[in-house]
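Subject: Structure for you to look at

Hi,

Here is the structure I promised to pass on.

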Amino acid sequence: MATISLRKARTIIRKTMEKGREMDLKPLSVVVLDAGGNVIAFERADNAAPGRFAIAHGKAYGCVMLGMAGTAQMARAETQAYFIDAARSAFGGTMIPVPGGILVKDARGNVMGAVGVTGDTSDNDAIAGQAGIEAANLVAEI
């Protein structure tokens with residue numbers, strides 16, 4: 001199974017934060033998870049709210065556990081709220097089905113893990129995270 005190295009995780013975080021500053025976003029927090037939902041790396045920008053780890057983690061965790069990006073999870077929540085509620089319950093309440101949760105894939109389309117970004121609007125979080133993932137030469141599914 002392909003995995004995200006610590007070095008690539010750090011690149012993802014650094015480049016996501018840089019994109020956030022370039023876009024003049026609010027302070028971001030970024031987590032990178034492996035394909036099993038384990039934390040590889042996390043960073044919270046200066047002045048980011050202290051609860052941002054839980055939000056970033058919830059965005060990424062739902063992606064890994066469902067094999068579905070945050071945007072797709074949100075769409076599913078709008079059409080089948082019962083499914084997302086059941087999944088959230090099955091995962092101990094740790095998933096947040098909104099943009100900013102991004103699946104990370106290799107060039108062959110294999111899921112390597114996920115990134116969760118939070119701090120600005122969910123759509124802006126996703127844009128910044130996509131830039132970070134692509135800077136690490138990986139594929140982002142937002």
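Strands β1 (residues 29–34) and β4 pair in the antiparallel sense over six bridges; strands here are DSSP E runs of at least two residues, helices are H or I runs of at least four, and both are numbered from the N terminus. Two strands count as paired if DSSP finds at least two bridges between them. Within that pairing, V32 has V115 of β4 as its bridge partner.

Before I go on: this is a predicted model, in which local features need pLDDT of at least 70 and side-chain atom pairs count only at pLDDT 80 or more, while totals for chains, interfaces and linings use all residues. Residues are numbered from 1 along each chain as its sequence is written, and side-chain values use heavy atoms, with hydrogens and water left out.

Back to β4, which also pairs with strand β3 (residues 101–105), again antiparallel, over five bridges. There, V104 stands opposite G113. β3 and β4 make a hairpin with five residues between them, and G109 in the turn has a positive phi of about 90°. Seven of the eight residues of β4 (residues 111–118) are buried, so the strand is largely enclosed by the rest of the structure. (Buried means under 20% relative accessible area, exposed over 50%, and partly exposed in between, with a 1.4 Å probe and protein chains only.)

Now the insides. The largest nonpolar core has 21 residues, and those touching the most other members are I4, I12, V32, V104, V115, I133 and L138. By nonpolar core I mean a set of buried Ala, Val, Leu, Ile, Met, Phe, Trp, Tyr and Cys residues joined through side-chain atoms within 4.5 Å. α1 (6–22), β1, β3, β4 and α5 (122–135) each supply at least two of its residues, and α1 gives the most, with four. I133 touches I12, I102, V104, V115, L138, V139 and A140, leaving out residues up to four places away in sequence; contact means heavy atoms within 4.5 Å. A second, separate core of nine residues includes A56, A60, Y61 and V64.

Is K105 buried or exposed? K105 counts as buried, because its relative accessibility is 18%. Its side chain makes a polar contact with that of E141 at 2.6 Å (N or O atoms within 3.5 Å; within protein, one able to donate a hydrogen and the other to accept it, and residues adjacent in sequence count only if both atoms are side-chain atoms).

Cheers
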